[in-house]
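Hi,

Here is the structure we talked about, with sequence and coordinates together.

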Amino acid sequence: MALETWLIKVKKTLSYSLDSARVAPSLKSKLVMKNSSVGVLAFEIAGIMSKILHLLECLSDENTTRFRSESICLEGVRKIVSNDDVFLLGLVCAEMVENLRIIAKYVSSVSKKCQDASLGCFDRLFDEFANSGHDPHSWLMGSKELTSKIKEMERFVTITATLHRDMDELVVLENGLQKALHSKDHDAGIKEQKIIDLRRKILWQRQEVKYLKEKSLWCRSFDAVTKLLARSIFTVLARIKLVFGVGHGHGYNTSSLPRSLSTSALVYPFENSNLFPLVSAPLAKNPPNTHEARGFFGSNSKILKPPSTTLGAAALALHYANVIIVMEKMIKSPQLVGADARDDLYSMLPDSIRFLLRARLKGVGFSASDPVLAAEWRDALQKVLKWLSPLAHNMIKWQSERSFEQQNLILKTNVLLLQTLYFANQEKTEAAITELLVGLNYIWRFEREMHAKSMFQNRNEFLTSQGSC
């Protein structure tokens with residue numbers, strides 16, 4: 001009897017162990033799935049996808065044509081930045097590569113959460129691909145696959161943005177319910193009905209949020225999302241190199257890329273593309289082997305470093321942009337400029353411009369009553385503002401977009417750095433600003449003299465009429 005009891009206990013113990021062994025993998029699988037989903041990081045990742053899509057759009061045939069026909073041909077760019085097409089196109093290329101590097105840095109941090117070992121080494125693999133074109137996992141996408149992945153990312157971005165909005169609405173509804181529950185409404189019936197309506201809306205909103213989470217990036221695994229991002233980044237970099245003719249002869253294979261001969265021809269309209277084996281060569285002015293020594297991204301960073309003669313190097317680009325915009329407003333309505341506003345403008349000027357301004361105004365008389373000269377100055381100022389003002393406004397826009405991007409990780413800018421004052425020659429820019437100040441000074445004094453003269457004539461006419469009465 002004791003032996004039978006002992007056998008029954010052993011049988012139950014073994015049965016329980018086997019059942020636990022069967023259930024454990026299922027629970028473990030669910031736990032891993034839960035832990036590996038991106039969750040709230042979906043919003044940041046959607047921003048990264050948005051930037052990748054923007055870069056791909058910038059590299060389309062239409063936009064690469066615009067780089068050459070519009071962006072680098074702005075009058076202001078030609079006057080105070082450079083008139084060297086190779087240099088300017090190199091800046092466009094370098095800025096795109098830098099934007100991609102920032103994206104890759106974020107993806108690298110996300111990849112550490114992946115279970116796939118190859119994805120966990122994304123940063124190393126991306127550097128190898130950038131330097132040598134080595135792609136051991138075949139992450140580079142072909143034309144048809146890229147088109148499909150673009151649509152997939154666009155769908156993820158749209159649905160995730162909708163999820164963000166609906167989650168915000170759910171928070172508003174839940175806060176409204178809490179206020180309704182604690183409100184002291186005299187009519188109990190109205191209060192009860194309001195609470196019922198809010199609970200119904202909250203229930204429906206929660207179902208909507210749950211559905212969107214399943215369809216968006218929220219419930220996707222880190223591995224799936226990171227692989228999509230990694231492959232897209234590889235393809236964007238390959239596209240940049242193809243369009244701008246970077247890295248020819250470095251073992252780089254572009255046979256699987258969505259290739260456009262028209263694009264390559266329009267950016268570099270030369271019979272032999274090997275005339276420009278490296279975009280950085282004419283910009284950095286280094287021996288060919290320096291590229292390999294520093295690596296692709298090291299060379300690229302040096303291209304974006306402004307020369308010592310530029311406003312970017314002097315940290316004056318944004319300040320001068322504000323000065324130019326203030327002067328632009330004053331030139332449009334000089335009669336509305338008061339003495340205080342004039343003093344405020346002067347206080348914004350650095351010593352270098354003050355010195356130039358004093359030299360230009362030396363010997364100039366106090367009288368400004370010549371209407372012909374005033375008209376000539378107005379015409380001259382409009383001509384200067386026509387090419388200088390766009391660069392100033394672009395500088396403000398570029399900076400504001402950059403600040404917004406840093407806060408929201410939605411790295412999407414529509415202004416190129418070369419279209420701003422960042423790479424503008426400091427001496428030439430200060431000469432143009434001084435010209436605007438001299439002209440504004442004359443027009444401002446002319447308007448004041450004309451106003452004073454008009455007031456004096458009106459006073460005399462009034463006194464004459466009073467005397468005749």
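Below is what turned up, starting with the charged pairs and ending with a few backbone points. Bear in mind that this is a predicted model.

**Salt bridges**

The count comes to 14 salt bridges. I'll go through three of the pairs.

R101 and E98 form one of them, with the closest N and O atoms 2.7 Å apart. These two are 3 residues apart in helix 5 (residues 85–111), so about one helical turn separates them. How exposed are the two partners? R101 has a relative accessible area of 30%, so it is partly exposed. E98 counts as buried because its relative accessibility is 18%, and the cut-off for buried is under 20%.

D197 is partly exposed because its relative accessibility is 29%, while R200, at 51%, counts as exposed.

Then there is R66 with E70, a salt bridge at 3.8 Å from N to O. Both ends come out as partly exposed: R66 has a relative accessible area of 28%, and E70 has 46%. This pair also belongs to a network of salt bridges that links E62, R66 and E70.

**A threonine in a helix**

T235 sits in helix 10 (residues 222–244). Its relative accessibility is 1%, so T235 counts as buried. What does its side chain have close by? A polar atom of the T235 side chain lies 2.8 Å from the backbone oxygen of R231.

**Positive phi values**

Most residues other than glycine have a negative phi, which is the reason for flagging the next two.

S138 has a phi near 55°, a positive value in a residue other than glycine. It is found in the loop between helix 7 (122–132) and helix 8 (143–182), and with a relative accessibility of 51% S138 counts as exposed.

A315 also has a positive phi, near 55°, and is a residue other than glycine. Its place is the loop between helix 14 (296–304) and helix 15 (317–332). At 68% relative accessibility, A315 counts as exposed.

Cheers

How values were computed: Residues are numbered from 1 along each chain as its sequence is written. This is a predicted model: local features need pLDDT of at least 70, side-chain atom pairs count only at pLDDT 80 or more; totals for chains, interfaces and linings use all residues. Side-chain values use heavy atoms; hydrogens and water are left out. Helices (H or I, at least four residues) and strands (E, at least two) are DSSP runs, numbered from the N terminus. Buried means under 20% relative accessible area, exposed over 50%, partly exposed in between (1.4 Å probe, protein chains only). A polar contact is a pair of N or O atoms within 3.5 Å; within protein, one must be able to donate a hydrogen and the other to accept it, and residues adjacent in sequence count only if both atoms are side-chain atoms. A salt bridge is a side-chain nitrogen of Lys or Arg within 4 Å of a carboxyl oxygen of Asp or Glu.
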